[in-house]
Amino acid sequence: MAGHARRDEMYAHHLDPEGNRVSYQELLKKRDFSTEITPEKIQGRVAACERHLDRLAASIAEVKLDALIVVGDDQREQYFEDNMPAFLVYCGASIANAPLDLPPEAPEYWKRARSIYHEPDARREYPVARDLALFLVEQLMEQQFDIAFADRLAKPRGEGHAFGFVHRRLLRSRAVPIVPVVVNTYYPPNQPRPRRCFRLGAALREAVNSFPQEMRVGILASGGLSHFTVDEALDRRVLDACAAGDGEALAEIPPAKLNSGSSEIRNWIVAAGAARGLRTLWREYVPLYRTPAGTGCGMAFLAMAA
């Protein structure tokens with residue numbers, strides 16, 4: 001936490017609650033979360049997050065899925081400004097994760113944090129539900145989504161953090177074939193709007209339901225809620241709307257609030273569109289503050305089923 005806190009202090013483009021870009025010092029003038037920054041509170045919240053991740057992994061294992069659609073963002077890991085798709089479905093026979101590729105001079109705290117979703121020793125291929133992925137592309141085209149697709153990774157660094165974390169942390173007990181759905185949450189000008197994200201989720205569900213092969217298919221949103229400025233009101237609004245399948249509430253979120261790390265809320269909105277009408281099994285929220293200015297991560301966990 002200490003290394004990330006120092007990084008926050010140097011960062012010049014935090015977001016305030018209205019989505020305006022501000023420096024750390026400007027944010028500090030508006031917010032005082034110093035009472036939240038104690039070793040006991042931080043350790044307790046980190047431990048809670050680990051418990052919730054364990055529970056989420058167990059929830060996935062219990063339902064014995066044949067395939068898991070993973071909705072995540074790419075942060076210039078595989079896709080760059082020479083080709084930045086708004087939505088992409090990966091259709092390779094497998095997808096690779098690789099060892100950490102940070103330079104030797106990178107800070108140790110950063111290496112530790114990043115290594116969580118990389119392979120420890122050697123490149124590894126994970127299974128992809130290719131037939132389902134290709135079918136989803138075809139059906140999404142029929143539903144007027146001009147969806148991008150890829151059947152290989154262009155860069156040697158592997159699948160990227162949003163998907164590597166799922167493999168390394170949530171699917172350790174069983175290598176469930178995944179369908180990676182990549183959303184450009186971060187980079188203008190073609191960040192999908194919230195309403196379009198919800199509609200994509202609904203279209204994915206319709207496509208899965210029409211797949212001719214009998215399969216148990218799940219969908220998972222990979223990413224945080226608000227960060228690197230924690231916005232508890234926004235997070236609780238998103239979590240409530242996802243649980244309720246309230247597409248209008250999600251569509252009405254101002255896009256200005258969905259930038260920086262908070263842009264990953266788009267992944268949740270896609271999953272909410274697919275999960276609409278399902279019942280909530282359990283949900284948790286942990287606002288994990290790391291500086292007096294209120295920077296950190298809004299950590300949310302939500303499991304739903306028919």
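A salt bridge here is a side-chain nitrogen of Lys or Arg within 4 Å of a carboxyl oxygen of Asp or Glu. The model is predicted: local features need pLDDT of at least 70, side-chain atom pairs count only at pLDDT 80 or more, and totals for chains, interfaces and linings use all residues. Residues are numbered from 1 along each chain as its sequence is written, and side-chain values use heavy atoms, with hydrogens and water left out.

**Stop 1: Asp 240 and Arg 283**

Select Asp 240 and Arg 283. They form a salt bridge, with the closest N and O atoms 2.6 Å apart. Asp 240 sits in helix 8 (residues 232–244) and Arg 283 in strand 10 (residues 279–289), so the pair links distant parts of the chain, 43 residues apart. Helices (H or I, at least four residues) and strands (E, at least two) are DSSP runs, numbered from the N terminus. Asp 240 has a relative accessible area of 42% and is partly exposed. Arg 283, at 33%, is partly exposed. The burial classes are buried under 20% relative accessible area, exposed over 50% and partly exposed in between (1.4 Å probe, protein chains only).

**Stop 2: Glu 36, Lys 41 and Arg 45**

Now select these three. Salt bridges that share partners join Glu 36, Lys 41 and Arg 45 into one network. Between Lys 41 and Glu 36, the closest N and O atoms are 3.9 Å apart. Lys 41 is partly exposed at 34% relative accessibility. Glu 36 is buried at 18%. The whole structure holds 16 salt bridges.

**Stop 3: Arg 169 and Asp 54**

Show this pair next. Their side chains meet in a salt bridge, 2.9 Å from N to O. Arg 169 lies in helix 6 and Asp 54 in helix 3, so the pair ties together parts that are 115 residues apart in sequence. Is Arg 169 buried or exposed? Arg 169 is buried, with a relative accessible area of 9%. Asp 54 is partly exposed at 41%.

**Stop 4: helix 3 against helix 6**

Select residues 39–62 for helix 3 and residues 161–170 for helix 6. The two pack at an angle of about 85°, with axes 10 Å apart. Axes are lines fitted to C-alpha atoms, for helices over the stretch in contact, and angles run from 0 to 180 degrees between N-to-C directions. Helix 3 is therefore roughly perpendicular to helix 6 (65 to 115 degrees counts as such). Helix 3 brings Glu 50, Leu 53, Asp 54, Leu 56, Ala 57 and Ile 60 to the contact, and helix 6 brings Phe 165, Arg 169 and Leu 170. Contact means heavy atoms within 4.5 Å.

**Stop 5**

Eight of the ten residues of helix 6 are buried, so helix 6 is largely enclosed by the rest of the structure. Among them are His 161, Phe 163, His 167 and Leu 170. The buried residues pack against helix 3 and several strands, including strand 3 (67–73), strand 5 (94–97) and strand 8 (178–183).

**Stop 6: the nonpolar cores**

A nonpolar core is a set of buried Ala, Val, Leu, Ile, Met, Phe, Trp, Tyr and Cys residues joined through side-chain atoms within 4.5 Å. Which residues touch the most other members of the largest one? They are Val 89, Val 179 and Leu 250, out of 49 residues. Helix 7 (residues 194–209) supplies the largest share of this core, seven residues. Apart from this core lies another, of 34 residues, among them Phe 163, Ile 178, Tyr 187 and Leu 288.

Definitions and conventions:
Angles under 35 degrees count as roughly parallel, over 145 as roughly antiparallel, 65 to 115 as roughly perpendicular and the rest as oblique.
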